[in-house]
Amino acid sequence: MFGRRKLQGRTDEQLLLMREAGLLVGRTLEMLRERIVPGVTTVELDRLAEEFIRSHGGIPNFQLVPGYSHTLCTSVNEEVVHGIPGERVLEAGDLISVDCGAEVKGWNGDAAISVVVGGPEAARPEDLALIAATEASLYAGIAAMRVGGRLYAVGDAVEASIEAAAERDGHTYGIVDEYVGHGIGTEMHMDPQIPNYAVGESGPKLPSGFTGAIEPMVTLGGSTTRVLGDDWTVVTADGTRASHWEHSVAVRPEGLWILTAIDGGEAALGASGAAYAPLG
């Protein structure tokens with residue numbers, strides 16, 4: 001279903017360039033976390049992100065996607081992905097997923113976070129549980145990656161993590177299966193597709209230097225989605241809230257390097273028992 005052609009890796013020099021792009025994305029999202037407050041509009045967040053990326057030598061790579069003119073995707077509450085920034089005013093308790101990408105020197109980074117506007121004190125408990133479960137599944141999927149390992153181990157690990165969280169939390173979680181992760185490099189979206197769920201097969205082997213964007217999207221209900229009339233915004237069919245997390249990752253013989261994490265993934269990889277292997 002997802003193809004079996006041999007995957008390509010990056011050289012160390014290319015990975016260092018990808019780290020520049022990834023770190024800029026990570027720092028942009030870190031900046032935005034402080035700006036996601038009640039009363040801000042999603043287009044104001046978009047403008048802040050564009051200014052930050054361009055002032056640090058990057059290009060907002062979402063703007064390179066045909067038909068899309070924004071720096072971010074801002075998906076609120078029942079919106080899963082591809083929410084278009086606009087004049088919507090964020091309110092305390094809203095759950096927003098912010099997806100961001102940047103190109104630097106011809107190489108790309110892509111990452112997403114989910115937060116509750118106004119912080120944990122303004123959140124519904126089930127939203128905090130959803131965010132935590134989705135983020136944990138992201139790192140479970142990343143930790144399943146290794147040189148010589150199989151690509152679809154990522155989806156196996158994500159699904160197992162979400163199933164365990166659902167049993168622990170007592171919630172129904174749906175893994176969105178219509179949208180998947182992807183390869184990343186000289187373009188933001190490249191082959192192969194990387195499913196966030198078990199597909200019943202192992203997939204191609206991961207070579208040294210492979211780079212992919214892992215991005216589980218999880219709901220508080222069913223997994224079915226629909227696209228709004230703007231032809232971009234994806235929402236849950238049952239109106240339940242959704243969370244989206246993403247990181248761009250490099251797979252090296254010594255371990256993993258999360259290119260879009262400020263610390264390179266050292267803390268999260270250590271917590272998951274995976275080897276942290278940066279360059280430089």
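Modeller: What follows describes the sheet, then the helices around it, and finally two further sites in the chain.

The model is predicted, and the description should be read with that in mind. The sheet is an open one of 3 strands, ordered β5-β9-β12, and its pairing is antiparallel. Because β5 (174-175) and β12 (242-244) each have a single partner strand, they stand at the edges, and one side of each is left without a neighbour in the sheet. Helix α3, residues 125-143, packs on this sheet, where it touches β9 and β12, and its direction makes about 35° with that of β12. In general, the strands of a sheet pair through backbone hydrogen bonds, in either a parallel or an antiparallel manner. Here β5 and β9, the latter formed by residues 217-219, are joined in the antiparallel sense over 2 bridges, and Gly174 has Thr219 of β9 as its bridge partner.

Setting aside residues up to four places away in sequence, Thr219 touches Leu130, Thr172, Tyr173, Gly174, Val176, Thr236, Thr240, Arg241 and Ala242. A polar atom of the Thr219 side chain also lies 3.0 Å from the backbone nitrogen of Gly221.

Helix α4 is the next element to consider. Its 17 residues, at 1.5 Å a residue, should span 24 Å, and this agrees with the 24 Å that separates its end C-alpha atoms. The buried residues of α4 are Val154, Gly155, Ala157, Val158, Ser161, Ile162, Ala165 and Ala166. As a general point, an α-helix has 3.6 residues a turn, so residues three or four places apart point the same way. The buried residues of α4 pack against α3, β5, β7 (190-194), β8 (210-214) and β9, and just after the helix Gly170 takes a positive phi of about 75°.

Glu159, which lies in α4 (residues 153-169), has a relative accessible area of 22% and is partly exposed. Beyond its neighbours within four places in sequence, Glu159 is in contact with Ile175, Asn196, Tyr197 and Ala198. Between Glu159 and Val199 there are 40 residues in sequence and 10 Å in space, taken from C-alpha to C-alpha.

Two sites in the loop between α2 and β1 complete the account. A search of the whole structure finds 1 aromatic pair. The rings of Tyr68 and Trp232 have centres 4.9 Å apart and planes at 65°, so the pair is edge-to-face. This pair links distant parts of the chain, 164 residues apart, with Tyr68 in the loop between α2 (42-55) and β1 (72-76) and Trp232 in the loop between β10 (225-227) and β11 (234-236). Tyr68 is buried, at a relative accessible area of 6%, whereas Trp232, at 25%, counts as partly exposed.

Thr71 is found in the loop between α2 and β1, and at 0% relative accessibility it counts as buried. The side chains of Thr71 and Gln63 are joined by a polar contact of 3.1 Å. Leaving out neighbours within four places in sequence, the residues in contact with Thr71 include Asp46, Ala49, Glu50, Ile53, Pro60 and Phe62, as well as Asp99, Cys100 and Gly101.

Definitions and conventions: Residues are numbered from 1 along each chain as its sequence is written. This is a predicted model: local features need pLDDT of at least 70, side-chain atom pairs count only at pLDDT 80 or more; totals for chains, interfaces and linings use all residues. Side-chain values use heavy atoms; hydrogens and water are left out. Two strands pair if DSSP finds at least two bridges between them. Helices (H or I, at least four residues) and strands (E, at least two) are DSSP runs, numbered from the N terminus. Contact means heavy atoms within 4.5 Å. Axes are lines fitted to C-alpha atoms, for helices over the stretch in contact, and angles run from 0 to 180 degrees between N-to-C directions. Buried means under 20% relative accessible area, exposed over 50%, partly exposed in between (1.4 Å probe, protein chains only). Rings of Phe, Tyr and Trp (its six-membered ring) pair if their centres lie within 6.5 Å; planes under 30 degrees apart count as stacked, over 60 as edge-to-face and the rest as tilted. A polar contact is a pair of N or O atoms within 3.5 Å; within protein, one must be able to donate a hydrogen and the other to accept it, and residues adjacent in sequence count only if both atoms are side-chain atoms. The expected span of a helix is 1.5 Å times one less than its number of residues.
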